[in-house]
Amino acid sequence: MAKDIPLLILVSLALILLALMVFGWYSRKRRQAHIGAPVTPPADLDPTELRFSGKYVATTVAGDQLNRINVHGLGFRANCLLEVHPEGIVVSRAGSPDLWVSGSNVRGFTRATWTIDRVVESNGLQVIEWNLDGTAVDSYFRMDDPEACERALDSVVGNERQSQ
């Protein structure tokens with residue numbers, strides 16, 4: 001019986017830590033409830049050849065790489081497909097509804113080496129900077145062909161800058 005006490009203490013501590021993590025996750029969701037849901041892609045988009053596969057890593061509050069957006073399914077990593085259209089970007093994530101980032105909401109794109117729980121080689125993450133219902137956010141991706149994806153994204157940002 002005396003040998004089981006340390007095991008019971010460790011299991012109890014693990015359960016307490018798990019409960020605190022779950023509480024923290026839902027507390028963050030409550031704090032971010034004011035952030036609107038992403039828009040679904042328009043039904044009338046023309047087909048595009050500009051499709052890029054990769055991994056969706058996270059969406060954070062702009063400029064704060066440790067402040068993950070948890071609401072509306074944006075808090076979970078997934079395989080993804082980016083479709084770049086002249087009007088904007090469709091982000092298809094495994095297990096989540098597709099989301100639409102219109103060209104007018106794209107603030108730009110950049111590269112990063114880390115965010116939240118992901119560290120990669122120098123500039124190995126592609127970051128789309130955009131506005132989600134008035135909140136400036138950064139979405140991080142690990143694309144299979146980052147250079148081609150970046151050129152396509154530049155065409156969306158470039159088209160939007162020309163029309164302003």
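**Cavity and salt bridges in a predicted model**

Tutor: A search of the whole structure finds one cavity of 30 Å³ or more; on a 1 Å grid over the protein atoms alone, a cavity is a set of points where a 1.4 Å probe fits but cannot get out. This is a predicted model, in which local features need pLDDT of at least 70 and side-chain atom pairs count only at pLDDT 80 or more, while totals for chains, interfaces and linings use all residues. Residues are numbered from 1 along each chain as its sequence is written, and side-chain values use heavy atoms, without hydrogens and water.

Student: What volume does the largest cavity have, and which residues line the largest cavity?

Tutor: Its volume is about 40 Å³, a volume being the space filled by probe spheres set on the points. Lining residues have an atom within 4 Å of a point; among them are Y56, L74, W130 and F141.

Student: How many salt bridges are there?

Tutor: Side chains of opposite charge can pair when their charged atoms come close. A salt bridge is a side-chain nitrogen of Lys or Arg within 4 Å of a carboxyl oxygen of Asp or Glu, and the count comes to five.

Student: Which residue forms a salt bridge with E147?

Tutor: The partner is R111, with the closest N and O atoms 3.7 Å apart. E147 lies in helix α2 (residues 146-163) and R111 in strand β5 (residues 106-112), so the pair ties together parts 36 residues apart in sequence; helices (H or I, at least four residues) and strands (E, at least two) are DSSP runs. R111 also meets E150 in a salt bridge at 2.6 Å, N to O.

Definitions and conventions: On a 1 Å grid over the protein atoms alone, a cavity is a set of points where a 1.4 Å probe fits but cannot get out, and a pocket is an open set with protein on both sides within 12 Å along at least five of seven lines; lining residues have an atom within 4 Å of a point.
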